[in-house]
Amino acid sequence: MEPSLEAMVRELYDKQKIREVVTNYCRGVDRMDRELLMSCYHPDAIDDHGFFVDDPQAFWDWVHHYHCNAQAGHQHIITNHSCDLDGDVAHTETYWIFAGIDAKDYTFSLGGGRYIDRMEKRDGVWRIAARKCVSEWGGVPAETKVAPEFTAMLREGGTIARDTTDASYERPLTVDPARIGLNVNILPHE
């Protein structure tokens, strides 16, 4: 028997809210936004990052210290996401890629793995109840072939910050009228 339209919409809604938890987690860590990161976890959740296993508050303390002291910049990128719903419990697997710049020598490193989560809907809100972060690969990529002056131009589009002064918090988002029409050829001359 095919589920009702209402049941299908409820399932899609729940899966979207669950996906938003994972997205907000990445944004919370990358922007060093404590409130956003903490909103992703139930207070009694446990996060197992391999070298860190504890509750959300202890995780925030650890991740904030680590990323602010060991890295000059970083991004958590999520890709494939699967979600098995069972009432108010969901079991999810989300692939991640991590990119970071070392604070001391500015070496660039990449890594990848998966977030394996048990999420629970409590009082109508989906949050992480248990997480295992498993790392599957990592390394140092080759040097970029993009000229430094073009990389600098990419940064002109908006404020890059690991806090709420980042361009992603700008409301409403605007573009500097003086930049409209900028079109630089970044291909090497023949």
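## A guided tour of the sheet and its helices

Begin with E93 and select its bridge partner in strand 5, which is I116. The model on the screen is predicted. Now extend the selection to the two strands involved: strand 4 and strand 5 run antiparallel and are joined by 13 bridges. Follow the chain from one to the other through a hairpin with 5 residues between the strands. In this turn, select Y106, whose phi is positive, at about 60°.

Next, turn to strand 3 and strand 4. They pair in the antiparallel sense, over 13 bridges. Two pairs can be selected here: G73 has I101 of strand 4 as its bridge partner, and Q71 stands opposite D102 in strand 4. The hairpin of strand 3 and strand 4 has 2 residues between the strands, and G87 takes a positive phi near 70° in it.

Select helix 1 (5-30).

At the N-terminal end, select D55, which caps the helix: one of its side-chain oxygens lies 3.1 Å from the backbone nitrogen of Q57.

Which residues of helix 3 are buried? They are P56, F59, W60, V63 and H67. These residues lie on the same side of helix 3, because they cover an arc of only 100° around the axis. An α-helix has 3.6 residues a turn, so residues three or four places apart point the same way. The buried residues of helix 3 pack against several elements, including helix 1, helix 2 (34-38) and strand 1.

Finish at R131 in strand 6 (residues 125-139). Is R131 buried or exposed? R131 is buried, with a relative accessible area of 1%. Select D117 as well: a polar contact of 2.6 Å joins the side chains of R131 and D117. Among the other residues that R131 touches are V22, Y25, Y41 and H49.

Technical notes
Residues numbered from 1 in each chain as written. Predicted model: local features only at pLDDT ≥ 70, side-chain atom pairs only at ≥ 80, totals over all residues. Heavy atoms only, no water. Buried < 20%, exposed > 50% of the residue type's maximum accessible area, 1.4 Å probe, protein only. Helix = DSSP H or I, 4+ residues; strand = E, 2+ residues; numbered from the N terminus. Arc of directions from axis to C-beta. Contact = heavy atoms within 4.5 Å. Polar contact = N/O pair within 3.5 Å; in protein donor to acceptor, adjacent residues only side chain to side chain. Pairing = 2+ DSSP bridges.
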